[in-house]
Amino acid sequence: MRFKRQYIDLRGTRIWSSHAQSLKSKLTGRSRGVALLLHGGMSQSEGFDGRLSPAVNDFEVFSYDRAGHGRSPDVPGSFHFDFQYQEAIAYLEDVVKHPAHLIGYSDGGIITLLVAINRPDLVSTITLIGANYKADMGSAPIEEWEPDEDAKAKYARFSPDPPHTLVEKIKKMVQIWRTEPNMTLAQLGQIKCPALVIAGDDDVMSLAHTNEIHEAIENSRLAIIPASSHLIDKDQPALLNKVIRDFLLNPEFPVTLMPVRRKTREAQ
């Protein structure tokens, strides 16, 4: 899948945007739908969208660098999740222009939850990869880190912001992670679209936290990927892509042969 990448104006903000269609969908004029990939914090869309390409083959795919990430310049308030989910809504309304399958990794998963809660009309399904719904994830405290030389070189190569701002962004992001997001289980319960909740078996948030998200979203399924950390897309790319693709091709509420927790939901 080859992405066309370019800068766009998103309501006055310069954003690096990507769009791809499979050769098959181009030739036939048909796709399985529209997918929007939302990258993690202190990261960028390039690379991430390539690693998730097998899952969204035959879909029309969009991704973008959030303000202050990747190739998109920073703007005031850009790292707060309220800003980022409003940015995602603007992108869905102005660029995608269709309800989409949202696939969000880490911070992108947080944004996915916020969009699904506040603008369900823009969402077909949601896939959460290593996401959390509140700052307290039941894990060790988040600590600041010093970027290594490779990270500094990559930042200088991609970011339009001055090189010294990388350390400043890390400090700003860590402070936000310690206090945001602040969703409630009741808010998660408002999500009615099909949902897939994914985490690594050695993820940064506790498995209990991940299961809280799964239990709160009525029409959801849970996948704990073995032998993987928070970097699931790098630890277990083939398995991750298979799980996501199976869900996207069959997102309806799962009917199993021996339901236990889903029994009451199936009866509704």
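**Charges, fold and one histidine**

Reader: How far apart are the mean positions of the positive and negative charges of the chain?
Author: They are 7 Å apart, for 31 positive and 34 negative charges. Lys and Arg count as positive, Asp and Glu as negative; His and the chain ends are left out. Each charge is placed at NZ of Lys, CZ of Arg, CG of Asp or CD of Glu.

Reader: What am I looking at, and how is it numbered?
Author: A predicted model: local features need pLDDT of at least 70, side-chain atom pairs need 80 or more, and totals for chains, interfaces and linings use all residues. Numbering starts from 1 along each chain as its sequence is written, and side-chain values use heavy atoms, without hydrogens or water.

Reader: How many helices and strands?
Author: Eleven helices and eight strands. These are DSSP runs numbered from the N terminus: helices are H or I, at least four residues; strands are E, at least two.

Reader: What share of the chain is buried?
Author: Buried residues are 52% of the 268. Buried means under 20% relative accessible area, exposed over 50%, partly exposed in between (1.4 Å probe, protein chains only).

Reader: New topic. Where is His19 found?
Author: In strand E2, residues 13-20. His19 has 27% relative accessibility, so it counts as partly exposed.

Reader: What does the His19 side chain make a polar contact with?
Author: The side chain of Glu60, at 2.7 Å. A polar contact is a pair of N or O atoms within 3.5 Å; within protein, one must be able to donate a hydrogen and the other to accept it, and residues adjacent in sequence count only if both atoms are side-chain atoms.

Reader: And how far apart are their C-alpha atoms?
Author: 7.6 Å, with His19 and Glu60 lying 41 residues apart along the chain.
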